[in-house]
Amino acid sequence: MNVSRLLPAFLARRLEGRDTIRRSLDNAAWLFADQAVRMVAALLVGVWMARYLGPEKYGWLSYATALVGTVTSFTSLGINAVVVRELVRFPGETPQWMGAAFFLKSVASTVGFLICVLVAWIEPASSAPTRPLVVIVALGMFFQTVDVIDLLFQARGQSRVSAWVRIIGCLAANSFKAALIFGHASLPALAAAGVVELAVCSVGWLVAVRRVGMSPGHWTRDAAKARLLLRESWPLALSGLAIYTQAYADQIVIAHTLGGAELGQYAAAMRLVGVPAFIPMVVYTVAAPEITRAHRDDRALYRQRMGDLYRLMFLLFLVAALPLIAIGGPVARWLLGGPYEGAALLLPWLVFRLFFTNFGVARSIFITNEGLFRFGLVTAIAGAVVNVALNLWLIPRWGARGAIVSSIASFAVSTFLLEGFQPLARANLGLMIRAVVLPWRSFRS
């Protein structure tokens, strides 16, 4: 897909010779197509599954997903951004970097699965159907190791390939879910549908990488590069765990404090809020390599691109949040039905999480390029601690609304407040504040 060919002639002429802009537009178009398919699936099959299961069963499935996701956030080792950065900087060393990354992820996935089995075995909520659900969802970890191939296409700016793989996986999994619902399948069977998507994607990655003339069999297990990845990324691994805990601890606390039915209401509202949340990730995937190149070649251009990225993230928040605040409640009632009245009441308040999500995604590019991984770790841990403490305090008192307040307060601490305590981060804080206060003013001036 060459997006510049679809533009009006006068715009296409302006893009002539501007390879960076054209490449970014093409990548964004493919990533947008991928995420648009996911958005439609979330609205159709995802909502259908929530209605089919009901709040309580849907809540326990969400609990298992959150629990396994928390473990996965750490066992992914945080190496993705570092691998993409090194593939951009040293394309001639691709077999060594890919081999090191695949080896590390394979070992970590095995350890992660065993941790999930252990957690499921000692799970205190024995009356709930969580133990088999956690094990089933955790099986997907083994297929996620092959996702390392996606990093190669990210570094090369070949989002078309990644988009096709994920679209096929999404369509296969959601077709499977629809068939299960038609057949009145059990809750564990529906949990397995998520594993099917990861399995289909893993096959797709293997086919895709062979089509570009590369075979995983030619990757070399470079011990020095594996050690370098671990040395640079361990703060990112802990940060990933802290960030995921900050984002999903509320669901675990709600499940143990208020039960599966209340979690089902909260998780259903979160699913609807997450529909527009894919756009920042599209922007991140497209922008990260270009900002990394600017950081390497031109610091002024790097600052400009970071500032403009923050402006875009703020505008994307406004575009998504205002309609959800205005009509989110009635739309949720129509989509989810009467049993999810609680989700409809929560939805307008949950949208404020999108503001911090957008800026957190953009800020991660700054952290990676400046090598501030330890600082990023400190802010992430601080945010997680604040979030868990407030959840334990507020959820028993205010219910799911306490989880919303806890999330907003903790993200404000980790994304903005603590930036003032580090010199480079203070400059970044200035860029973020200017993007919010003056979103119409380009950073070129």
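1. In this predicted model, the side chains of R89 and E86 meet in a salt bridge, with an N to O distance of 3.6 Å. Both residues belong to helix α3 (residues 80–89), and because they are three residues apart there, about one helical turn separates them. Residues three or four places apart in an α-helix point the same way, since there are 3.6 residues a turn.

2. A second salt bridge joins E93 and K225, whose closest N and O atoms lie 3.3 Å apart. This pair links distant parts of the chain, as E93 sits in the loop between α3 and α4 while K225 sits in helix α10 (residues 223–258), 132 residues away. E93 is partly exposed, with a relative accessible area of 30%, and K225 is buried, at 15%.

3. D150 and R166 form a further salt bridge, the closest N and O atoms being 3.0 Å apart. Here too the pair links distant parts of the chain, with D150 in helix α7 (residues 148–155) and R166 in helix α8, 16 residues apart. Both partners fall under the 20% cut-off for burial, since D150 has a relative accessibility of 9% and R166 one of 16%. The count of salt bridges in the model comes to eleven.

4. Helix α9 (residues 187–211) passes a simple check of geometry: at 1.5 Å a residue its 25 residues should span 36 Å, and the end C-alpha atoms are 38 Å apart, which agrees. Its buried residues include L187, L190, E197, W205 and V209. The helix is followed by G213, which has a positive phi, near 80°.

5. The second largest pocket holds about 290 Å³ of space, and α8 (159–182) and α9 each supply at least two residues of its lining. The most is given by α9, with six residues. Among the lining residues are R160, W164, I168, V203, G204 and R211. A208 is also in that lining, and A208 is one of the buried residues of α9.

6. On the surface, F103, V107, V111 and I115 form a nonpolar patch, with about 300 Å² of accessible area together. V107 is placed in helix α4 (residues 94–121) and counts as partly exposed, at 43% relative accessibility.

Definitions and conventions:
Residues are numbered from 1 along each chain as its sequence is written. This is a predicted model: local features need pLDDT of at least 70, side-chain atom pairs count only at pLDDT 80 or more; totals for chains, interfaces and linings use all residues. Side-chain values use heavy atoms; hydrogens and water are left out. Patches are made of residues with over 30% relative accessible area and no salt bridge: like charges are joined within 9 Å, nonpolar side chains (Val, Leu, Ile, Met, Phe, Trp, Tyr) within 5 Å. Accessible areas come from the Shrake-Rupley method with a 1.4 Å probe; for residues, only the protein chains shown count as cover. A salt bridge is a side-chain nitrogen of Lys or Arg within 4 Å of a carboxyl oxygen of Asp or Glu. Helices (H or I, at least four residues) and strands (E, at least two) are DSSP runs, numbered from the N terminus. Buried means under 20% relative accessible area, exposed over 50%, partly exposed in between (1.4 Å probe, protein chains only). The expected span of a helix is 1.5 Å times one less than its number of residues. On a 1 Å grid over the protein atoms alone, a cavity is a set of points where a 1.4 Å probe fits but cannot get out, and a pocket is an open set with protein on both sides within 12 Å along at least five of seven lines; lining residues have an atom within 4 Å of a point. Grid points are joined across faces, edges and corners, and a volume is the space filled by probe spheres set on the points.
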